[in-house]
Each structure stands twice: as C-alpha cells, then as structure tokens.
Amino acid sequence: MGLGVLGTLIAPEPKAAPRAAITEPQLRREIAIDLEALVNTINLGSSLDLSGLDHVRKSILNHGFPDLTRLSIDEHRVDLIREDMAAVLLAYEPRLIKESI
C-alpha cells in the first residue's frame, strides 16, 4: 500500500556521496589557493569598530587579515603584526599545523 499524496510531497532522503581520497599535492594546492584568498582579504574589523561584538569579531564575518597598510613598521610593532597574522591563520585555516606557523 502506497503513501498516497503524502508520499509525493516528501522527498526521499538523499544518499551521502562517497568521499574521494585526496592526494597530498592536491591538498597542498587547495590550501595554497585558500591561503591566497585569505591573505588578500581585509577583515571587517579594519573598517568598522567591533568593540563589544565578540561573536562578530571571531566569526566568518570578520574573515581576513587586518589592514596592514595603515600600520607603521617599527621595532615594537613587528612582533604584534606577526602575532596578528598567526592568529588569523589559526582562526581561518584549520588545516595548518599550529606549530608550523
């Protein structure tokens, strides 16, 4: 006995597609493409004050690097820039090994 009208309204559950293995060179190429996009993106916090908006500051809405063109390079700021860059890489590219950054 069929489900009648109800059976025609409910879509069948989609079957999960099998996962294909990826080679190391393919993975490296995909990560390089994504890193290039990340490095070439300026985050939202560079143009808007995100004070008090911790969820936004940590979300994909703030994807990208701080605007480095506005910073002056002096001896004291270089370490902070390095730390900012490492934090962005860790936050938005989970495929990197933390110790490699």
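Student: Is isoleucine 31 buried or exposed?
Tutor: The model is a predicted one. Isoleucine 31 has a relative accessible area of 12%. Buried means under 20%, so isoleucine 31 counts as buried.

Student: Which element holds isoleucine 31, and which residues does isoleucine 31 touch beyond four places in sequence?
Tutor: Isoleucine 31 is found in helix 2. Leave out residues up to four places away in sequence, and its contacts are Arg95 and Leu96.

Student: How far apart in space are isoleucine 31 and leucine 96, C-alpha to C-alpha?
Tutor: Along the sequence, 65 residues separate isoleucine 31 from leucine 96. In space, their C-alpha atoms are separated by 8.5 Å.

Student: How many helices and strands does the protein chain have?
Tutor: Read from the N terminus, the elements run α-α-α-α. The count is four helices and zero strands.

Student: What share of the residues counts as buried?
Tutor: The protein chain has 101 residues. A residue needs under 20% relative accessible area to be buried. The buried share is 15%.

Student: What share of the contacts joins residues 24 or more positions apart?
Tutor: Take the contacts in the protein chain with a separation of 6 or more. Residues 24 or more positions apart account for 43% of them.

Student: How many salt bridges are there?
Tutor: A salt bridge needs a side-chain nitrogen of Lys or Arg within 4 Å of a carboxyl oxygen of Asp or Glu. By this rule the count is four.

Student: Which residue forms a salt bridge with glutamate 24, and why are the two about one helical turn apart?
Tutor: The closest N and O atoms of this pair are 2.9 Å apart. Both residues are in helix 2, which covers residues 24-39. They are about one helical turn apart because four residues separate them in that helix. The partner of glutamate 24 is arginine 28.

Student: Are glutamate 24 and arginine 28 buried or exposed?
Tutor: The cut-off for exposed is over 50% relative accessible area. Glutamate 24 and arginine 28 are both exposed.

Student: Which residue meets aspartate 34 in a salt bridge?
Tutor: The N to O distance in this bridge is 2.5 Å. The pair links distant parts of the chain, 61 residues apart. Aspartate 34 is in helix 2, and its partner is in the segment after helix 4 (75-92). That partner is arginine 95.

Student: What is the exposure of aspartate 34 and of arginine 95?
Tutor: Aspartate 34 has a relative accessible area of 37%. For arginine 95 the value is 35%.

Student: Where do aspartate 54 and arginine 57 lie?
Tutor: The side chains of aspartate 54 and arginine 57 meet in a salt bridge, 2.6 Å from N to O. They are three residues apart, about one turn of the helix. Both lie in helix 3 (residues 54-57).

Student: Which residues do salt bridges with shared partners join into one network?
Tutor: Shared partners link the bridges here. The network consists of Asp34, Glu93 and Arg95.

Student: Is asparagine 43 buried or exposed?
Tutor: Asparagine 43 lies in the loop between helix 2 and helix 3. Its relative accessibility is 10%. That is under 20%, so asparagine 43 counts as buried.

Student: Which side chain makes a polar contact with that of asparagine 43?
Tutor: Asparagine 43 touches Asn62, His63, Gly64, Phe65 and Pro66, leaving out residues up to four places away in sequence. The polar contact spans 2.8 Å.

Student: Which element gives the most to the lining of the largest pocket?
Tutor: The largest pocket holds about 280 Å³ of space. Its lining has 19 residues, with Asn43, Arg57, Asn62, Pro66 and Val88 nearest its centre. With five residues, the element that gives the most is helix 4.

Conventions: Residues numbered from 1 in each chain as written. Predicted model: local features only at pLDDT ≥ 70, side-chain atom pairs only at ≥ 80, totals over all residues. Heavy atoms only, no water. Buried < 20%, exposed > 50% of the residue type's maximum accessible area, 1.4 Å probe, protein only. Contact = heavy atoms within 4.5 Å. Polar contact = N/O pair within 3.5 Å; in protein donor to acceptor, adjacent residues only side chain to side chain. 1 Å grid on protein atoms, 1.4 Å probe; cavity = no way out; pocket = protein on both sides within 12 Å on 5 of 7 lines; lining within 4 Å. Points joined across faces, edges and corners; volume = space filled by probe spheres on them.
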